Amino acid sequence: MRKCVFLAFFALLALVVRAQDESGDLVKEGQQMPAFTIVNDNGTQVPSSSLKGKVILVNFFATWCPPCKQELPDFDKLCKEYGDRVVFMMVNLTDGYRDTVDGTKRFVSGKGYTFPVYFDTKDNAASAYNVSSIPQTTFIDANGNIYTTRIGAMNEATLRIYLNALLGN
């Protein structure tokens with residue numbers, strides 16, 4: 001009986017994942033990077049169009065999210081290592097309740113992270129990328145096309161594989 005329930009659960013889960021993929025919930029590989037505007041740590045609005053021309057990594061995270069917190073040290077390390085070759089956009093889902101601009105700044109500073117943090121205070125970027133689960137990371141090529149999107153925590157080795165592929169290394 002347990003085996004039947006277990007198999008039925010995974011069959012249902014597979015159907016839900018397939019339906020989500022077919023409905024176009026995630027940004028599709030090869031399509032142009034969606035347009036959005038977010039706020040940087042100085043309060044300046046940054047339109048996504050200003051970022052084209054370089055490889056871009058867009059990571060959606062929240063300070064209360066355990067998998068997000070798990071992967072942030074690897075993002076910070078690679079942001080330092082790749083320098084100007086990759087634009088790291090660490091986008092905080094700033095809802096004003098669980099995550100605020102000031103609270104997120106304190107969190108990032110307290111952990112010693114140096115990657116640039118952007119604040120999605122109006123749900124602009126999350127809507128453009130159809131973020132429904134975090135962490136979510138999208139890799140974008142220098143032409144502004146989506147290379148791939150991954151949901152869930154990523155480690156340094158996996159991040160490095162995607163970044164090196166985009167950079168032709």
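**Close-up 1. The right-handed link of cysteine 65 and cysteine 68.** With 75 degrees about the S-S bond, the link between cysteine 65 and cysteine 68 is right-handed. In this predicted model, the sulfur atoms of cysteine 65 and cysteine 68 lie 2.5 Å apart and form a disulfide, and the structure holds one disulfide. A disulfide is a covalent bond between the sulfur atoms of two cysteines. Cysteine 65 and cysteine 68 are both buried.

**Close-up 2. Strand β4 and its two covered faces.** Seven of the seven residues of β4 are buried, so the strand is largely enclosed by the rest of the structure. In a regular strand the side chains alternate between the two faces of the sheet. On one side of β4 lie Val86, Phe88, Met90 and Asn92, on the other Val87, Met89 and Val91, and with all of these buried both faces are covered.

**Close-up 3. The parallel neighbours of β4.** Strands β3 and β4 pair in the parallel sense over seven bridges, with valine 55 standing opposite valine 86 of β4. Together with helix α2, the strands β3 and β4 make a right-handed β-α-β unit. Strand β4 also runs parallel to β5, to which three bridges join it, and tyrosine 118 in β5 is the bridge partner of valine 91. Between β4 and β5 the chain crosses through α3, and this β-α-β crossover is right-handed as well.

**Close-up 4. Phenylalanine 88 and the largest nonpolar core.** The largest nonpolar core has 46 residues, of which Leu57, Phe88, Met89, Phe115 and Tyr129 touch the most other members. At least two residues of this core come from each of β3 (55-61), α2, β4 (86-92), α3 (101-111), β5 (117-119), α4 (124-128), β6 (136-140) and α5. In soluble globular proteins, nonpolar side chains tend to be buried together. When its neighbours within four places in sequence are left aside, phenylalanine 88 is in contact with Leu57, Phe75, Leu78, Cys79, Tyr82, Pro116, Tyr118 and Leu163.

Close-up 5. Side chains of opposite charge can pair when their charged atoms come close. Aspartate 76 forms a salt bridge with lysine 80, with 3.2 Å between the closest N and O atoms, and this is one of five salt bridges in the structure. Both residues lie in helix α2 (residues 66-82), where they are four residues apart, or about one turn of the helix. Aspartate 76 counts as buried because its relative accessibility is 5%, whereas lysine 80, at 52%, counts as exposed.

Close-up 6. Glutamate 156 forms a salt bridge with lysine 77, the closest N and O atoms being 3.2 Å apart. Because glutamate 156 lies in helix α5 (residues 156-167) and lysine 77 in helix α2, the pair ties together parts that are 79 residues apart in sequence. Lysine 77 counts as partly exposed, at 42% relative accessibility. Glutamate 156 also meets the side chain of arginine 160 in a salt bridge of 2.5 Å, N to O. These two residues are four residues apart in helix α5, so about one helical turn separates arginine 160 from glutamate 156. With a relative accessible area of 21%, arginine 160 is partly exposed. Through salt bridges that share partners, Lys77, Glu81, Glu156 and Arg160 are joined into one network.

Note on methods: Residues numbered from 1 in each chain as written. Predicted model: local features only at pLDDT ≥ 70, side-chain atom pairs only at ≥ 80, totals over all residues. Heavy atoms only, no water. Salt bridge = Lys/Arg side-chain N within 4 Å of Asp/Glu carboxyl O. Buried < 20%, exposed > 50% of the residue type's maximum accessible area, 1.4 Å probe, protein only. Core = buried A, V, L, I, M, F, W, Y, C linked by side-chain atoms within 4.5 Å. Contact = heavy atoms within 4.5 Å. Pairing = 2+ DSSP bridges. Right-handed = clockwise from strand over helix to strand, strands pointing away. Disulfide = S-S within 2.5 Å.
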